[in-house]
Structure formats: C-alpha cells, structure tokens
Amino acid sequence: MALRKVVEIGDPILNKKCRPIEKFDDKLATLIDDMFETMYAANGVGLAGPQVGMLKRVVVIDVGDGPMELVNPEIVMTQGEQRVSEGCLSVPGKYGVCSRPAKVQVKAQDRNGKWQVFTGEDLKARCFCHEIDHLDGILFTSKVIGKLEE
C-alpha cells in the first residue's frame with residue numbers, strides 16, 4: 001500500500017466525470033488499498049477516485065463502523081433531508097452547510113465485481129452523496145447553502 005497525493009480544488013480533474021470500472025484486477029485492488037491508506041492518513045471519512053488523480057468510479061468510506069469500498073456506485077434511494085456542515089480533503093480548511101438526504105441506499109460493486117447494497121443514515125448518507133458527487137465532477141462547494149467558511 002502507498003499514500004497518494006490528494007488533489008486539491010483548482011485541479012481540473014476534480015470537475016470531470018469518471019469512467020466506470022470494467023476491469024476487476026490487482027491494479028484496482030491496489031488503488032482501493034492505497035485510497036484507504038490515504039484517507040486514514042488524512043483523517044478523512046471518504047475518498048473518491050478523482051481525489052487521488054484517477055478518473056475512475058471508485059470510492060472508499062469509513063465513518064467509524066468499518067471500511068466500505070464502492071466500485072461503480074449508484075444511489076438507488078433517498079429519503080428525508082439533513083442540513084449539516086461538510087468539509088472535503090480536496091478543499092482543505094473550508095466548510096459549508098449542504099442539504100443532503102437523511103437516508104441513502106447505494107448499489108455498488110466490490111473490488112471483485114460482486115454487487116452489494118448499502119444503506120446509510122446521517123453521516124454515512126452524507127458521505128455516500130458527497131463521494132458519488134466527486135465521481136460526477138461535483139464539489140460540495142457548489143451545494144453550500146449560504147457561504148463557505150474556514
């Protein structure tokens with residue numbers, strides 16, 4: 001495993017849509033392992049492919065209840081609303097309140113291509129939405145209600 005550089009706001013890769021993963025191989029497994037290591041080293045709870053310079057539809061998440069790898073994730077259900085401050089490893093030192101669903105269900109593959117369904121509420125729901133937005137070139141800064149704060 002290796003630490004990867006976290007791409008920061010201003011880099012055009014963060015505004016591009018990612019390609020689906022079609023090859024489930026050792027290269028993908030290494031990317032996922034490196035993303036977990038990078039996320040943990042930065043004290044994050046989620047990290048998406050473009051944040052480490054890879055235009056691939058892959059996300060890693062750990063909100064405190066164990067690591068989750070989401071390959072080709074799709075949001076299949078949302079419910080309710082929450083308005084809470086968010087931050088991002090690619091936008092260091094900046095925070096803002098965003099409106100997100102209170103409950104989210106995601107369908108995704110694992111590193112071996114097996115489909116799974118995950119349901120999250122509160123922080124996990126926000127994390128699902130925030131990281132999947134990254135895969136579509138969307139930063140949380142475009143969803144901030146009011147102004148971005150330091």
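Two strands are taken to pair if DSSP finds at least two bridges between them. Helices (H or I, at least four residues) and strands (E, at least two) are DSSP runs numbered from the N terminus. The structure is a predicted model, in which local features need pLDDT of at least 70 and side-chain atom pairs count only at pLDDT 80 or more, whereas totals for chains, interfaces and linings use all residues. Residues are numbered from 1 along each chain as its sequence is written, and side-chain values use heavy atoms, with hydrogens and water left out.

On this basis, β2 and β3 form a hairpin with six residues between them. Within the turn, Gly64 adopts a positive phi of about 115°. The two strands pair in the antiparallel sense over four bridges, and Val58 has Val71 as its bridge partner in β3.

Buried denotes under 20% relative accessible area, exposed over 50%, and partly exposed the range in between (1.4 Å probe, protein chains only).

A nonpolar core is a set of buried Ala, Val, Leu, Ile, Met, Phe, Trp, Tyr and Cys residues joined through side-chain atoms within 4.5 Å. The largest such core has 21 residues, of which Val59, Ile61, Met68, Leu70, Val104, Val106 and Phe128 touch the most other members. Two or more residues are given to this core by each of β2 (58-61), β3 (68-79), β6 (103-109) and α2 (123-135). Helix α2 contributes the largest share, six residues. When residues up to four places away in sequence are not counted, Ile61 touches, among others, Phe36, Met39, Val45, Met68, Leu70, Cys127, Phe128 and Glu131, a contact being defined by heavy atoms within 4.5 Å. A second, separate core consists of twelve residues, including Phe36, Val52, Val58 and Val71.

A further antiparallel pair is formed by β4 (residues 82-88) and β5 (residues 91-100), which are joined by six bridges. Ser85 stands opposite Val97 in β5, and a hairpin connects the two strands through two residues. Ser90 is found in the loop between β4 and β5 and is buried, with a relative accessible area of 0%. Leaving aside neighbours within four places in sequence, Ser90 is in contact with Val6, Val7, Glu8, Ile9, Leu14 and Gln51. Ser90 and Leu14 are 76 residues apart in sequence, yet their C-alpha atoms are 8.6 Å apart in space.

Open space was examined on a 1 Å grid over the protein atoms alone, where a cavity is a set of points at which a 1.4 Å probe fits but cannot get out, and a pocket is an open set with protein on both sides within 12 Å along at least five of seven lines; lining residues have an atom within 4 Å of a point. Grid points are joined across faces, edges and corners, and a volume is the space filled by probe spheres set on the points. The largest pocket holds about 360 Å³ of space. Of its 22 lining residues, Val45, Gly87, Cys88, Leu89 and His130 are the closest to its centre. At least two lining residues come from each of β4, β5 and α2, and α2 gives the most, with six. The lining comprises nine nonpolar, nine polar and four charged residues, where Ala, Val, Leu, Ile, Met, Phe, Trp, Tyr, Cys and Pro count as nonpolar, Asp, Glu, Lys and Arg as charged, and the others, Gly among them, as polar.

The second largest pocket has a volume of about 250 Å³. It is lined by 13 residues, of which Ile21, Asp25, Lys27, Leu28 and Lys56 are the closest to its centre. This lining divides into six nonpolar, no polar and seven charged residues.

Most residues other than glycine have a negative phi. Asn72, in strand β3, has a positive phi near 55° and counts as buried at 9% relative accessibility. Asp122, in the loop between β7 (115-121) and α2, also has a positive phi, of about 55°, but is partly exposed, with a relative accessible area of 47%.
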